[in-house]
Amino acid sequence: NTEEKSGEGAGNGIATCLLDGKLSSFWHSQWKNGSVPLPHEIIVDMKKEMLITNIGLVQRQHDSYRDVHGGEFFVSSDKVNWTSVGTFQAQKILETQIFSVTPTKGRYFKIQITSSNRDANSSLAEVYAYGIE
């Protein structure tokens, strides 16, 4: 529901950075020309149904900006009906943080960020879903 399309420089700020396999790039919630208030939501289409068992988050790889603090995970097969599968409290670390969720089958997963370590700003380097096809 938010991304910073121009304020973070070329190749950063946009949602696709979460899935590019590069820890050096990052997604950031919109801040230029006005912020979008929390919660911030990220929806990932895995293109096929999987039984999701864990979700991984990687904080932005910058000394000062490890924004994401807490939130909730959801899974859906149709992007209309969502099942809550767990909550998370992220640490201010650079390594991948893997969170167990209630194993749930779906094509989409949603990360809802409800709290930040930096006002209403959110940023992440990568997101991952782990499970079984």
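Which residues touch the most other members of the largest nonpolar core? Before selecting them, note that this is a predicted model, in which local features need pLDDT of at least 70, side-chain atom pairs count only at pLDDT 80 or more, and totals for chains, interfaces and linings use all residues. Residues are numbered from 1 along each chain as its sequence is written, and side-chain values use heavy atoms, with hydrogens and water left out.

Begin with the whole protein chain, which has six strands and zero helices (DSSP runs numbered from the N terminus, E of at least two residues for strands, H or I of at least four for helices).

Next, select L57, F73, F109, I111 and L124, which touch the most other members among the 22 residues of the largest nonpolar core (a set of buried Ala, Val, Leu, Ile, Met, Phe, Trp, Tyr and Cys residues joined through side-chain atoms within 4.5 Å; buried means under 20% relative accessible area, with a 1.4 Å probe and protein chains only). Two or more residues of this core come from each of β2 (40–59), β3 (68–76), β4 (83–89), β5 (97–116) and β6, and β2 gives the largest share, seven residues.

Now select F73, whose contacts (heavy atoms within 4.5 Å) include I55, L57, V85, F99 and I111, not counting residues up to four places away in sequence.

Finally, move to E126 in strand β6 (residues 123–132), which is buried yet has no salt bridge (a side-chain nitrogen of Lys or Arg within 4 Å of a carboxyl oxygen of Asp or Glu). The nearest side chain of opposite charge, K22, is 8.4 Å away, while the E126 side chain reaches the backbone nitrogen of G21 at 3.2 Å.

Notes
Buried means under 20% relative accessible area, exposed over 50%, partly exposed in between (1.4 Å probe, protein chains only). Lys and Arg count as positive and Asp and Glu as negative; His and the chain ends are not counted. A polar contact is a pair of N or O atoms within 3.5 Å; within protein, one must be able to donate a hydrogen and the other to accept it, and residues adjacent in sequence count only if both atoms are side-chain atoms.
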